[in-house]
Amino acid sequence: MRNPESVLNSLAEHSKLLDYKYERLYRILFNEEMYYEAYQRIYAKPGNMTQGSDGLTIDEMSLKRIDKLIGAIRDESYRPRPSRRTYIPKKNGKRRPLGIPSFDDKLVQEVIRMILEAIYEDSFEHTSHGFRPHRSCHTAMMQISKSFNGAKWFVEGDIQGFFDNIDHDVLIGILKERIADERFLRLIRKFLNAGYIEDWVFH
């Protein structure tokens, strides 16, 4: 099997061809090396010792569990579990909802994220810093310090319930502009429709 670096570099190279469409992304999810890489990227992050909706944590991860996961993805019987909803406090005193997926789902999500990042990262504006590799609030501040010419107003905004109200059909439509792999898109839609559990009630 090809190592993850080669796979992701190949995807990134093809992303430079604006009319290129990706037709065989789903089979990347059969590559166990991708899951090892995903595990390395997320295992030390805070919160991974928190139980998901399946009651398991990163401690229960094993090669056998990854093989079983790949088997379910291969025959398309894989179904993401609903996330377990909890709340974290916001600075304004309100609470922000947070979904905690099962670790199996988190691992698959990370592989998908790696694939999508390789495809789309190069298309973002250089002024975009949020949720991008090697970028953060600090890099945004550095860019401002180098190019800022002064202003009278700063506007801070937040879209209420943004992620809860994204139109899934529009999102999938945007992905279809570059991705022509229906199995891969179906998997993403499964995650979008997985829902969440709060107080043992499915939403």
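The structure is a predicted model, in which local features need pLDDT of at least 70 and side-chain atom pairs count only at pLDDT 80 or more, whereas totals for chains, interfaces and linings use all residues. Residues are numbered from 1 along each chain as its sequence is written, and side-chain values use heavy atoms, with hydrogens and water left out.

Helix α1 covers residues 4-15; helices (H or I, at least four residues) and strands (E, at least two) are DSSP runs, numbered from the N terminus. Its 12 residues, at 1.5 Å a residue, should span 16 Å, and the 17 Å between its end C-alpha atoms agrees with this, the expected span being 1.5 Å times one less than the number of residues. Within α1, Pro4, Val7, Leu8, Leu11 and Ser15 are buried, where buried means under 20% relative accessible area, exposed over 50%, and partly exposed in between (1.4 Å probe, protein chains only). Seen down the axis of α1, these buried residues fall within an arc of 90 degrees, so they line one face of the helix; the arc is that of the directions from the helix axis to the C-beta atoms. The elements that cover the buried residues of α1 include α2 (32-42) and α4 (103-120).

The largest nonpolar core has 39 residues, of which Leu11, Leu25, Leu29, Tyr35, Leu107, Val108 and Phe184 touch the most other members. Such a core is a set of buried Ala, Val, Leu, Ile, Met, Phe, Trp, Tyr and Cys residues joined through side-chain atoms within 4.5 Å. At least two residues of this core are supplied by each of α1, α2, α3 (63-74), α4, α6 (168-176) and α7 (182-192), and the largest share, 10 residues, comes from α4. When neighbours within four places in sequence are left aside, Tyr35 is in contact (heavy atoms within 4.5 Å) with Leu29, Ile66, Leu69, Ile70, Ile73, Leu107, Val108 and Val111.

Two serines were also examined. Ser15, in helix α1, counts as buried because its relative accessibility is 6%, and a polar atom of its side chain lies 2.5 Å from the backbone oxygen of Ala12. Beyond its neighbours within four places in sequence, Ser15 is in contact with Tyr22, Ala118, Ile119, Asp122 and Arg178. Ser83, in strand β1 (residues 83-89), counts as buried at 17% relative accessibility. The C-alpha atom of Ser83 is separated by 8.7 Å from that of Glu198, although these residues are 115 residues apart along the chain.

The structure holds seven salt bridges, each defined as a side-chain nitrogen of Lys or Arg within 4 Å of a carboxyl oxygen of Asp or Glu. One of them joins Arg186 and Glu76 at 3.0 Å, N to O; because Arg186 lies in helix α7 and Glu76 in the loop between α3 and β1, the pair ties together parts that are 110 residues apart in sequence. Arg186 is partly exposed at 40% relative accessibility, as is Glu76 with a relative accessible area of 25%. Another salt bridge links Arg41 to Glu37, with the closest N and O atoms 3.0 Å apart, and both residues lie in helix α2, four residues apart, about one turn of the helix. In helix α4, Glu117 and Arg113 are likewise four residues apart, or about one helical turn, and their closest N and O atoms are 2.6 Å apart in a salt bridge. Glu110, Arg113 and Glu117 are linked in a network of salt bridges.

Definitions and conventions
Polar contact = N/O pair within 3.5 Å; in protein donor to acceptor, adjacent residues only side chain to side chain.
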